[in-house]
Amino acid sequence: MRIAYFTHSLVSCWNHGNAHFLRGVLSELTHRGHDVRAFAPENAWSLTNLLADHGPDGLDAYREAYPELGSTCYPENADLAELVDGADLVIVHEWTKPSVVAGLGSIRKRGGRFNLLFHDTHHRAVSAPEELRAYDLSGYDGVLAFGEALSEIYRRRGWGRNVWTWHEAADLRRFKPSEQEGPREGLVWIGNWGDGERTQELGEFLFRPARDAKLPLTLHGVRYPAEARRMLERLGIDYRGWAPNAAAPAIFARYLATVHVPRRHYATTLPGIPTIRMFEALACGIPLASAPWNDCENLFRPGTDFLVARTGSEMTAHLRALARDSDLRRSLRESGLETIRARHSCAHRVDQLLEIVDGLQPAERAAA
C-alpha cells in the first residue's frame, strides 16, 4: 500500500511530541513493505527552532535512528494533487494548516482514489474549539483520535462510526531496556515547559517531592523561560535543555525512576490520554510514578505498572520507596514492560490502522 502522511515535521522533535509516535508508526509500516512518504511544510516551526538552537547537528540523532524514513518539504503553493498522486491512504495530522487540510479533502471529494483520514492528537477540541472548527473535514473518510474522550467529541459532531480511538504507543525497535545495565541514581524528567499548562503540577508532583525525598533531579526539555530556569537553579535541579527523542532510552537507563505529569486538560477535560513519554518510559524499563491521572480506558494497571500519587506528599512517599526498595523497582519495571509489549507498541497501532482501512467500504466513505 502507498501511504502519504502530512505532518508538521518528521525530522524535528523540538517541542513536537507527535513526531515520536509518527516515526515509530511509519517505521513499522516501512518494515512491513508499505511505500511510506511523509510530507511537511517548509520552514516548520519545530524544525526552525531546532536548527536555531543546535544547527544541522541537531538532526543527527534522528537520521541515525531512522535511516529508513524520509520526508519531503512542500511550499505554501504546493500542488497537493501531485503529492498524493498514486496514494492508497492519506493521513493528515491536526497540526497542518487548515488550507492544506481543506485542499486534500477537496481532492478526495472530487474523486480522489485514496482513503483520507484526519489524525487528532491535541486538546484544542475542548480548549480552543474555534480552532478546530477552522478545519474543513467534509471530504474525509474518518478521524483517528488519540483518546476515547476525544473520539466522543467527534461522534457528537456527527462522525458516528467513522471515528476511531487510536492511542499513541512506544516504538519498541528503539525504546527498550538497556542491554548493559549500569548504575542508576536520581530522577529524570523529559518534558517541555510549554504554555503553563502544568506549571503548578510540576511544582507539586515533581520539584518539591524530589527535593523532599532528597533525590537529585535532572530535566530535559525546551521552552523553559528565564524565570523557570532561575527557579530550577535555586532548587538545585540540573536542567540540561533539549534532548533528541532518539536519545531518551540511553537517558532513562541512567536513572532510578521518572515521573509522569500530564498536562491539565488530559487530567481533567480529556481523561484517559497519557503523554507519549509514559509509553516510552515503561518500554525502556524505568520505574515510573504518576501525578493524578484517570486511566478510564484501562490502558495500564495503575499500582502495578506504575505508582499513582494523589497528592504531593504521596508522590514524596513514592519516590522515597523507589529509592530504597529494589524489589519495588524491579516489579514496576517488569510489569510496565509487560503491558507495553502486550498492548502498546507501534506494531499494535499499525495492526489497528490497517484493520480500520480494510473496513472502509465505498458506501461508508461516501456517507462520511
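The model is predicted.

**Positive phi angles**

On that numbering, Lys214 sits in the loop between α9 (199-212) and β9 (217-220). Its phi is near 60°, a positive value in a residue other than glycine. Most residues other than glycine have a negative phi. Lys214 is exposed, with a relative accessible area of 71%.

Asn15 also has a positive phi, about 55°, and is not a glycine. Asn15 belongs to the loop between β1 (2-6) and α1. Asn15 is buried, at a relative accessible area of 14%, a value that falls under the 20% limit for burial.

**Helix α1**

Helix α1 has 14 residues and reaches 20 Å from its first C-alpha to its last, close to the 20 Å expected at 1.5 Å a residue. Of those 14 residues, 12 are buried, so α1 is largely enclosed by the rest of the structure. The buried residues include His20, Phe21 and Leu22, and the charged residues Arg23 and Glu28 are also among them. After α1 comes Gly33, with a positive phi near 95°.

**Salt bridges**

Side chains of opposite charge can pair when their charged atoms come close. With a side-chain nitrogen of Lys or Arg within 4 Å of a carboxyl oxygen of Asp or Glu as the criterion, the count comes to 23 salt bridges.

| Glu28 | Arg173 | 3.1 Å |

Glu28 forms its salt bridge with Arg173. This pair links distant parts of the chain, 145 residues apart: Glu28 is in helix α1 (residues 18-31), and Arg173 is in the loop between β7 (163-165) and β8 (187-190). Glu28 is buried, with a relative accessible area of 11%, whereas Arg173 is partly exposed at 39%.

Glu338 is partly exposed, with a relative accessible area of 46%. Salt bridges that share partners also join Glu28, Arg32, Arg173 and Asp351 into one network.

How accessible are Asp305 and Arg301? Asp305 is buried, with a relative accessible area of 0%. Arg301 counts as partly exposed, at 33% relative accessibility.

**Packing of α14 and α15**

At what angle do the axes of α14 and α15 cross? The axes of helix α14 (residues 312-324) and α15 cross at roughly 100° and come within 5 Å. Angles of 65 to 115 degrees count as roughly perpendicular, and α14 and α15 are therefore roughly perpendicular to each other. On the α14 side the contact is made by Ala321, Leu322, Ala323 and Arg324; on the α15 side it is made by Ser326, Leu328, Arg329 and Leu332. By class, the contact of α14 with α15 has 5 nonpolar, 1 polar and 2 charged residues.

Terms used
Residues numbered from 1 in each chain as written. Predicted model: local features only at pLDDT ≥ 70, side-chain atom pairs only at ≥ 80, totals over all residues. Heavy atoms only, no water. Helix = DSSP H or I, 4+ residues; strand = E, 2+ residues; numbered from the N terminus. Buried < 20%, exposed > 50% of the residue type's maximum accessible area, 1.4 Å probe, protein only. Expected span 1.5 Å × (residues − 1). Axes fitted to C-alpha atoms, helices over the stretch in contact; angles between N-to-C directions. Parallel < 35°, antiparallel > 145°, perpendicular 65-115°, else oblique. Contact = heavy atoms within 4.5 Å.
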